[in-house]
Amino acid sequence: MASGSIDQDNRMNPSPRGPSVLRFAAPQNFYPLAGRLAPWFAVTAAVLTLIGLWLAFFVAPVDATQGNVYRVIFIHVPAAWMSMFIYLVMAFWSAVGLVMNTRLSFVMSQALAPTGAMFCFVALWTGALWGRPTWGAYWVWDARLTSQLLLLFLYFGFIALTRAIEDPRRGDRAGAIIALVGAVNVPVIYFSVKWWNTLHQGASVSLTKAPSMASTMLMGMLVLAFASWAYTLAVTLWRVRPMILERERHTEWVGAVLDREGGRK
Amino acid sequence: MLSTFFAVLRRDLLLAWRGRADVMVTLAFFVIVVCLFPFGVGAEPNLLRAIAPGVLWVAALLACLLSLHRLFAQDYADGTLEQLLLSSEPAVLWVLAKILAFWLTTGLPVVVVAPGLGLLLDLEQGALPVLVLSLALGTPILALLGAVGAALTLGVRGGGMLLALLILPLFVPVLIFGAGAVEAEASGTGALAHLLLLGGGLAGALALAPIACAASLRISTE
Amino acid sequence: MMQWESWSAFWDMGGAGFFVWGSYGVTFAVIALELVLVLQRRKETVKRLLRWRRAVGKDGSGRAGARMES
Amino acid sequence: MLEADNLACLKGDRLLFRGLALRLAAGELLRIAGPNGVGKTSLLRLVSGLALAEAGEVRWKGTAIGRDREAFHRDLLYVGHAPALNDMLTPLENLQFTIAAAGDEADAESCMQALVRIGLANQLDLPARVLSQGQRRRVGLARLFLSARRPLWVLDEPFTALDVGAVEDLAGTLSDHCTAGGMVMLTTHQDAPFAMPPKVLDVGAFAC
């Protein structure tokens, strides 16, 4: 019993002789890969952000009805897209984890959650600041804003549940269930809130539809959306790496990584 | 095939009967929460009539939430849950029996006393049947969704608050259609669409929630 | 400056400076905060695992004290 | 026939054992041995299908137990640490419920006989909360008299808190079950007078 580790492949990937496509799903392959890819995504995100900001502030014209306030949508809309998209990706990884029993999938979904919650918060914050000059109030119970708020609660629930359960395997699987239940409910919540909103004569102006969308505006939004994609990938990969180390610490390859890290200091 | 279902149902109802004080506490909570509102917003009848559907529904939802943690906690602590998971009958059946027993002992009493409280809030008498119907369709959905949350938070520290955080966002559609039905009836637009949507939601929850709940229980007892 | 006559007009945003810069400012502050937290978490994890490794012995065997001390 | 190969068990973030193999044929009694905390209870939970193995699989009659859970559980009787007793029910109600929950038929008469046989004749109508530890244990074990149809018995510390006479009686019941072609797998800290010498599996040999 020289080492307390079972076959490295078995730790996260129960079928060591799986198809070669899954080779990177083995954590000891994924860990260095993530480390190599993340900086590239980060650089891409930074460059795209600069281009997007330039488009947003210097190319896109002033909106005829709203004036310059509308420039908030260049971050509001991509943030709202990302927050919803990330939740779906989380649910996807959760389903993969439950079906294939690959632990890396659970780690991925947990690494995505804080970034999703961050985008959700950004969408709410910018929505509120956009609403004050436009609707005259920081918060109106608009269907989009309200479902965004509920999505933020779903993120909080997921994060709180996975953190509260001490046994990692139980935490992984419990989180996966709640992510899936949430994903099934997101459309239900959205449509119910929309229905409720139309009945209660809420705000009639919608943030995305309000400015007549000039092609430069759309361009800026798309560029910033791609920037958020790249940012999400970079930050998730960075977050996944220590999580992998933590969970795989009994294995020899993590020992080697740690020795290298320790020697560097 | 259904012997496990009926055994669990009978036992849980018997337990609820022996511990009927707990059931009464839930009901008392529901009544007190509703009675607090006039003190908070003033006793103006028009105002009370306007907020009555929402108040009744939120109170019903909170009463359900308050008792949800009891659903599996005792069985988890004394090992009964393990034995149920080892049953040769599909887990979905007895999970459904537990949820049904839970609804009969917490949801049904709320449905029964709700019309009386509606009168306290000066709700139009014509809307009372719709109130009862919407609660009868909606509270089972709350129990079904809540059971998944209760199963996931079993034995977790701070489980009660966590349970609330997990499932309250999921309760929002039920609240919208439930309270909306009563309001629509009171304002004369007809509650049929709301009630149909609630019924559809109940069918969906009945089909999916027991499966998720059984999987969650397996995960939590592992 | 294709859209703006002067820098002060740019910062003013036609009177909506507070809302626009409040949005962008908080967004980038939150992103910076997230990056700092992620970096910090990595450092702290490596430090903790190194300490743990010293405690259980170099072979990484989980026999003694394998539970994390936090 | 119960088999397991290359089993590994992870508890929390700790690997308890790995590479564990076991084989249990009809008529055999297997005692799981090993020091405290080595994973004896965890092994029983893996074998019964309550917990998931980190690696390896458990097979019952040649099929992985996860594949046809209901069929496996029809053949299994598991009595764990927790007695599965509800304090507000009487021993009789508890026993009847446990039997029915497992998916078996149980009439009140045979349940009563089982409880009388295990020495609870005077406690039949008392709520379970007034019972002593040993008496609680016995209510759980009374199931054994009604479960002869289930070939595989998995028992976690069945002798704890029992007096000498009850231990002898229980050992006799287990021996009879094996003689009749059943299988028993148990953990225990004390020697019990079995009719045949039990096979022993030391989990400590596979510890990490």
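Two strands are taken to pair if DSSP finds at least two bridges between them. Helices (H or I, at least four residues) and strands (E, at least two) are DSSP runs, numbered from the N terminus. The model shown is predicted: local features need pLDDT of at least 70, side-chain atom pairs count only at pLDDT 80 or more, and totals for chains, interfaces and linings use all residues. Residues are numbered from 1 along each chain as its sequence is written, and chains are lettered from A and ligands numbered from 1 in the order in which they are written.

**View 1. Pairing of strands S6 and S7 in chain D.** Strand S7 (residues 152–156) runs parallel to S6(D), and 4 bridges join the two. Within this pair, D:Leu77 stands opposite D:Trp153 of S7(D).

**View 2. The open sheet of chain D.** Its 5 strands follow the order S6-S7-S8-S3-S9, with parallel pairing. Strand S6 (76–79) and strand S9 (199–202) of chain D are the edge strands, each pairing on one side only. From one strand to the next, the twist averages 15°. Helix H6 (residues 164–179) of chain D packs on the sheet and touches strand S3 (29–33), S7 and strand S8 (183–187) of chain D. The direction of H6 makes about 145° with that of S8(D); axes are lines fitted to C-alpha atoms, for helices over the stretch in contact, and angles run from 0 to 180 degrees between N-to-C directions.

**View 3. The contact between chain A and chain C.** Chain A contributes 39 residues and chain C 29 residues, contact requiring C-beta atoms, placed from the backbone, to lie within 7 Å. On the side of chain A that touches chain C, the largest share, 10 residues, comes from H4(A).

Technical notes:
Two residues are in contact if their C-beta atoms, placed from the backbone, lie within 7 Å.
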